[in-house]
Amino acid sequence: MATWNSRGLRGSTLEDLINRTNEKYAENGLALIQKVPTPITPVQIDKASRHITLAYFEQKSTVDYIGAVQGLPVCFEAKESAADTYALSNIHEHQVNFMRQFEKQGGVAFFLIFYSGRDLFYYLPYELLRFFWDRMAEGGRKSFRFDELNPEYVLPKKHGVLVPYLDMIQKDLDDR
């Protein structure tokens, strides 16, 4: 059985916080955002417990969450970092391509990064991610530092909302 700090459970607390936030947004009629399940094919199932013990991924996943905010298509990926430097190897090219295509269709794509060492959430607009991605592709840094980020996209602490990202979507749109 996995322990609370195992690699396999890394990010599950972040996912829980985002899921609870999304439930609150849905209850208040503000947004309808759902977790995108990663498609798997079971290979081995423990018959006694009926749990999947071995499986493989059917295809590459796109993003963690997708939905609509007041009629606006939205997709995002949730990441966690204990350090102030974030390695771009944690992001896959097919995810960046999906987000690019999503934005071309009029949607808003972004990353929510929880900097656990700082105990803060950061909204990384797709365009800024793209800047870092292109820099890497041109032979530059394979990561980005916290001090390179726009401090205006740090999520404020709000009573009653665990990961208040809706205000940042509006800021992202206003900054375009």
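I started at alanine 78, whose bridge partner in β7 is leucine 112. Strand names here follow DSSP runs, numbered from the N terminus (helices are H or I with at least four residues, strands E with at least two).

Before going on, I noted that this is a predicted model, where local features need pLDDT of at least 70, side-chain atom pairs count only at pLDDT 80 or more, and totals for chains, interfaces and linings use all residues. Residues are numbered from 1 along each chain as its sequence is written, and side-chain values use heavy atoms, with hydrogens and water left out.

**Neighbours of β7**

I checked the partners next; two strands pair if DSSP finds at least two bridges between them. Strand β5 (residues 72-81) runs parallel to β7, with eight bridges joining them. With β8, β7 pairs in the antiparallel sense over six bridges. On that side I found isoleucine 113 opposite tyrosine 122. The β7-β8 hairpin has four residues between the strands, and aspartate 119 there takes a positive phi near 55 degrees.

**Burial of β7**

I then looked at cover, with buried meaning under 20% relative accessible area, exposed over 50% and partly exposed in between (1.4 Å probe, protein chains only). Eight of the eight residues of β7 are buried. Side chains in a regular strand alternate between the two faces of the sheet. In β7, Val108, Phe110, Leu112 and Phe114 point one way, while Ala109, Phe111, Ile113 and Tyr115 point the other.

**Rings**

I counted aromatic pairs and got 14. Rings of Phe, Tyr and Trp (its six-membered ring) pair if their centres lie within 6.5 Å; planes under 30 degrees apart are stacked, over 60 edge-to-face, and the rest tilted. Phenylalanine 110 and tyrosine 123 have ring centres 4.3 Å apart and planes at 20 degrees, so I logged them as stacked. Because phenylalanine 110 is in β7 (residues 108-115) and tyrosine 123 in β8 (residues 120-125), the pair ties together parts 13 residues apart in sequence. Phenylalanine 110 is at 0% relative accessibility, so it counts as buried. Tyrosine 123, also at 0%, counts as buried too.

My next pair was tyrosine 115 with phenylalanine 146: centres 4.9 Å apart and planes at 80 degrees, so edge-to-face. This one links distant parts of the chain, from β7 to the loop between β9 (143-145) and α4 (166-175), 31 residues apart. Both tyrosine 115 and phenylalanine 146 are buried.

I also found one aromatic cluster, with Tyr65, Phe110, Tyr123 and Tyr153 among its members.
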